[in-house]
Amino acid sequence: MLVSAKEMLEKARDGKYAVGQFNINNLEWTKAVLLTAEELKSPVILGVSEGAGKYMTGYKTVTAMVKAMIEELKISVPVALHLDHGSYDGCYKCIEAGFSSIMFDGSHYPIAENVEKTTELVKVCNEKGLSIEAEVGSIGGEEDGVVGMGECADPDECKQVADLGVTMLAAGIGNIHGKYPANWAGLSFDTLAAIKDKVGSMPLVLHGGTGIPEDQIKKAISLGVAKINVNTECQLTFAEATRKYIEAGKDLEGKGFDPRKLLAPGTDAIKATVKEKMELFGSVGKA
């Protein structure tokens, strides 16, 4: 069954490790993440962007697929199904569809409107036992149509939103979506420490987990980050493994590729990436 992310993140915060959120785009990606989490006995969050939800024909389809897969694969570790960078309307659609967690990305609104909308969604999530993530300070780069400049969050605004009763808070600290450029300045740990000082025990979220050096990942966890999102790295490894398989010409004697065999190398690549990240985040054996 699906669970709220609240308990797993509080355990991660107290245990000084982070739970990985791995975005899913189809059956193969979902299966790869779930099997790896079960193998490593790690709690896991399945992230779904609004674009991915639309691609998979809708949030109800996603919920049904994930719930059935958990049952059929006999997954015993905690699994949260989470809307990633959700709009106000998207949050309500996912709540209705049976997601166990949502993210309302109100970072592009003036702080007063972000607070107003977040307050309403916190009330709904509390009534239904769902976890909710809020964002202050835009995350840089672009992910599935969501664009941010990557400014650092205002610690006072972070406290204002954290005090609304959200489960977790994503705060911009110089992190970006996608691949990091060569001239990237790195995470702003001064900003992260200031935010931690303001929000206390609130579990913090680090978006853009692809490409951040290991030492910075570990330092961020030590300063209160309890959830780290990974998407781009899975996309890159999946695409590269699939490309190599196609270039090797392993089709059915000119009849075309068996889709199950075609997707297998990419699926295995995702498993390897997820395993590497779970080990780095310290969540192995924490289920």
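## Notebook: loops, helix packing and buried residues

I began with Lys-16, which counts as exposed at 52% relative accessibility (exposed is over 50% relative accessible area, buried under 20% and partly exposed in between, with a 1.4 Å probe and protein chains only). The model is a predicted one, in which local features need pLDDT of at least 70 and side-chain atom pairs count only at pLDDT 80 or more, while totals for chains, interfaces and linings use all residues. Residues are numbered from 1 along each chain as its sequence is written, and side-chain values use heavy atoms, with hydrogens and water left out.

**Entry 1: positive phi**

I placed Lys-16 in the loop between helix H1 (6–15) and strand S1 (19–23); helices (H or I, at least four residues) and strands (E, at least two) are DSSP runs numbered from the N terminus. I noted that Lys-16, although not a glycine, has a positive phi of about 60°. Most residues other than glycine have a negative phi. I then looked up Thr-57, another residue other than glycine with a positive phi, here near 75°. Thr-57 lies in the loop between helix H3 (50–55) and H4, and I recorded it as exposed, with a relative accessible area of 63%.

A polar atom of the Thr-63 side chain lies 3.0 Å from the backbone oxygen of Ala-97. I also noted that Gly-98 is 35 residues from Thr-63 along the chain, with 6.3 Å between their C-alpha atoms.

I next took H4 together with helix H5 (residues 88–97), which pack at an angle of about 40° with their axes 9 Å apart; axes are lines fitted to C-alpha atoms, for helices over the stretch in contact, and angles run from 0 to 180 degrees between N-to-C directions. That angle makes H4 oblique to H5, since angles under 35 degrees count as roughly parallel, over 145 as roughly antiparallel, 65 to 115 as roughly perpendicular and the rest as oblique. The contact is made by Tyr-59, Lys-60 and Thr-63 of H4 and by Gly-90, Lys-93, Cys-94, Glu-96 and Ala-97 of H5.

**Entry 2: helix H7**

I looked up the buried residues of helix H7 (residues 155–162), which are Cys-158, Val-161 and Ala-162. They lie on the same side of H7, because they cover an arc of only 100° around the axis, the arc being that of the directions from the helix axis to the C-beta atoms. An α-helix has 3.6 residues a turn, so residues three or four places apart point the same way. The cover over the buried residues of H7 includes helix H6 (111–128), strand S5 (131–136), strand S8 (168–171) and helix H8 (189–199).

At the start of H7, I found a side-chain oxygen of Asp-154 reaching to within 2.8 Å of the backbone nitrogen of Asp-156. For H6 and H7, I noted that the axes come within 10 Å and cross at roughly 20°, and the two helices are therefore roughly parallel to each other. Ile-111, Val-115 and Thr-118 of H6 make the contact with Glu-157, Gln-160 and Val-161 of H7.

I followed the chain into the loop between H7 and S8, where Thr-167 is found, and recorded Thr-167 as buried, with a relative accessible area of 13%. Not counting residues up to four places away in sequence, Thr-167 touches Lys-6, Ser-131, Ile-132, Met-202 and Pro-203.

Gly-200 lies in the loop between H8 and strand S9 (204–206), and I noted it as partly exposed at 31% relative accessibility.

**Entry 3: Ser-42**

Ser-42 is buried, with a relative accessible area of 0%. Which side chain does that of Ser-42 join in a polar contact? I found that of Ser-283, at 2.8 Å; a polar contact is a pair of N or O atoms within 3.5 Å, and within protein one must be able to donate a hydrogen and the other to accept it, with residues adjacent in sequence counting only if both atoms are side-chain atoms. Leaving aside neighbours within four places in sequence, the contacts of Ser-42 include Ala-37, Val-77, Met-278 and Val-284.

Definitions and conventions: Contact means heavy atoms within 4.5 Å.
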